[in-house]
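We'll go from stop to stop, selecting as we go.

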Amino acid sequence: MATSESRRSFMGVAFGTVAAVGGVFSLVAMKKTWDPLPSVKAAGFTTVDLSGMQAGELRTIEWRKKPIFILKKDASMAKDPKRDIVVDNAAYTVVIGLCTHLGCIPAYHPSEQIFKCACHGGEFDTSGKNIFGPPPRPLDIPPFKIEGTKLVLGEEGPEYKKMTKEA
Ligand code: FES
């Protein structure tokens with residue numbers, strides 16, 4: 001009797017241990033499944049070095065499959081303390097290049113210093129603010145962080161947090 005009981009308790013402990021180990025492996029496997037792949041993590045951030053940009057230059061890059069307009073303002077463009085990103089004493093407009101009306105991609109017209117949306121005639125100024133037509137609000141500013149002369153898109157740095165708090 002005693003032998004059968006100790007055997008049963010041994011079997012209970014053995015099964016319990018196997019189940020616990022199996023559970024731990026399952027949790028590790030589940031976590032691996034939930035975690036984004038390294039390529040996805042890397043794709044979430046885009047670093048742009050602004051140091052080579054000329055005043056008045058517009059650069060369009062892709063971030064998370066969206067166009068991002070980076071405009072280095074020149075002396076003729078109005079400054080906007082609430083929306084300008086200041087790097088190395090120069091003001092930049094950094095916006096998601098999708099019209100806030102229905103999502104078309106506006107084109108920049110340097111001679112007029114405006115972004116024009118061909119879909120319904122919406123217009124935005126060099127700070128990305130809607131100035132004409134149906135767009136209901138300025139172009140959106142993507143989350144960003146400043147690292148020296150580099151702009152890291154996809155991370156909420158203190159400048160971005162301050163900007164969104166004031167908006
Ligand atoms: S989508 Fe740009 S004005 Fe309509």
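Start with a quick test: does L102 count as buried or exposed? Select L102 and look around: L102 counts as exposed because there are 12 C-beta neighbours inside 10 Å. The cut-offs, with C-beta atoms placed from the backbone, are 20 or more other C-beta atoms within 10 Å for buried, 12 or fewer for exposed, and partly exposed in between. L102 lies in the loop between β5 and β6.

Before moving on, a word on what you're looking at. This is a predicted model, where local features need pLDDT of at least 70 and side-chain atom pairs count only at pLDDT 80 or more, while totals for chains, interfaces and linings use all residues. Numbering runs from 1 along each chain as its sequence is written.

**The whole chain**

Zoom out and colour by secondary structure. Along the sequence the pattern reads α-α-β-β-β-β-β-β-β-β-β-β-β-α. Of the 167 residues in the chain, 20% are buried. Contacts here mean C-beta atoms, placed from the backbone, within 7 Å. Among contacts with a separation of 6 or more, 42% link residues 24 or more positions apart.

Select β2 (residues 58–63) together with β3: six bridges join them, antiparallel. Strands count as paired if DSSP finds at least two bridges between them. E62 has P67 in β3 as its bridge partner. The β2–β3 hairpin has two residues between the strands, and R64 there takes a positive phi near 50°. Next bring in β5, which runs antiparallel to β3 and is joined to it by five bridges; look for I70 with its bridge partner V94 in β5.

**The core**

Which residues have the most contacts inside the largest nonpolar core? Show I68, I70, Y92 and V94, out of 19 residues in that core. Such a core is a set of buried Ala, Val, Leu, Ile, Met, Phe, Trp, Tyr and Cys residues joined through C-beta atoms within 7 Å. β3 (66–72), β5 (90–96) and β11 (150–153) each supply at least two of its residues, and β5 gives the most, with five. Centre on I68: setting aside neighbours within four places in sequence, its contacts include W63, V94, P142 and L153.

**Around β11**

Follow L153 into β11. This strand has four antiparallel bridges to β1 (residues 46–49) and four, also antiparallel, to β10 (residues 144–147). L153 has T46 standing opposite, and F144 stands opposite L153 too. In a regular strand, side chains alternate between the two faces of the sheet. In β11, L151 and L153 make up the covered face, while K150 and V152 make up the uncovered one. At the β10–β11 hairpin, with two residues between the strands, G148 takes a positive phi near 65°.

**Last stop: the open sheet**

Select β6 through β9. The four strands form an open sheet in the order β6-β7-β8-β9, paired antiparallel. β6 (107–109) and β9 (130–132) are at the edges with a single partner strand each, so one side of each has no neighbour in the sheet. Inside, β7 (residues 114–116) and β8 (residues 123–124) pair over two bridges, and F115 has F124 in β8 as its bridge partner.

Technical notes
Two residues are in contact if their C-beta atoms, placed from the backbone, lie within 7 Å.
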